[in-house]
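Please consult the sequence and the structure shown here while reading.

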Amino acid sequence: MTHGTSGFTPTRLLFVCLGNICRSPLAEGVFLHHAHERGLASNFRVDSAGTGGWHEGELPDPRSREVAERHGVRLPGRARKVVDSDFHDFDLILAMDQDNLQTLERLREIAGGNAELRLLREFDPEAGSDLEVPDPYYGGGDGFEKVFRMVDRSARALLDSMI
Ligand code: 4NP
């Protein structure tokens with residue numbers, strides 16, 4: 001939990017999907033929600049970003065906002081694209097699917113940096129062999145509830161793994 005030279009500093013986590021309007025804002029909000037509930041929010045700095053920039057500056061998708069609200073989770077700010085400095089500024093970058101992860105690995109070859117790259121569902125105790133959070137953007141409404149449950153299980157276990 002310590003990095004840098006001046007004693008305790010928060011662990012920095014970046015959640016990444018394609019558009020940064022559906023999955024990664026949910027993952028960010030859910031992780032922060034659990035960290036707050038357990039009195040651990042000050043141990044972490046969290047953000048989310050997309051490998052694509054089409055939705056930059058937008059709020060999370062209304063369907064993500066609706067499922068979050070239903071579960072009492074506040075969602076963070078507006079969409080942004082992954083930038084080179086993210087690989088230097090975050091300790092752990094959590095991708096929602098293999099495609100996101102491969103894009104991050106390619107970007108990191110140029111950007112450098114020490115961030116660890118992982119799939120979020122590596123932490124999901126119910127994931128089995130499927131380690132992806134599926135993209136719900138073009139699907140029906142219940143896709144968002146399924147995504148919420150995956151992200152919720154993963155975020156709780158991720159938090160457990162870091163305390
Ligand atoms: P996300 O979902 O990656 O979970 O934010 C998507 C949002 C937008 C698009 C694709 C996926 N899009 O193609 O615009």
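## A buried glutamate and its partner

In this predicted model, Glu 145 has a relative accessible area of 13% and is therefore buried, since buried means under 20%. Its salt-bridge partner is Arg 70, and the closest N and O atoms of the two residues are 2.9 Å apart. This pair connects distant parts of the chain, because Arg 70 belongs to helix H2 whereas Glu 145 belongs to helix H5 (residues 142-161), 75 residues apart.

Arg 70 itself is partly exposed, with a relative accessible area of 49%. Side chains of opposite charge can pair when their charged atoms come close.

## A pair within helix H2

Arg 70 also meets the side chain of Glu 66 in a salt bridge, with an N to O distance of 3.0 Å. Both residues lie in helix H2 (residues 62-70), where four residues, about one turn of the helix, separate them. Glu 66 counts as partly exposed, at 42% relative accessibility.

Arg 121 is buried, with a relative accessible area of 4%, whereas Asp 130 is partly exposed at 41%.

## The structure as a whole

In total, the structure holds 18 salt bridges.

Terms used: Residues numbered from 1 in each chain as written. Predicted model: local features only at pLDDT ≥ 70, side-chain atom pairs only at ≥ 80, totals over all residues. Heavy atoms only, no water. Salt bridge = Lys/Arg side-chain N within 4 Å of Asp/Glu carboxyl O. Helix = DSSP H or I, 4+ residues; strand = E, 2+ residues; numbered from the N terminus. Buried < 20%, exposed > 50% of the residue type's maximum accessible area, 1.4 Å probe, protein only.
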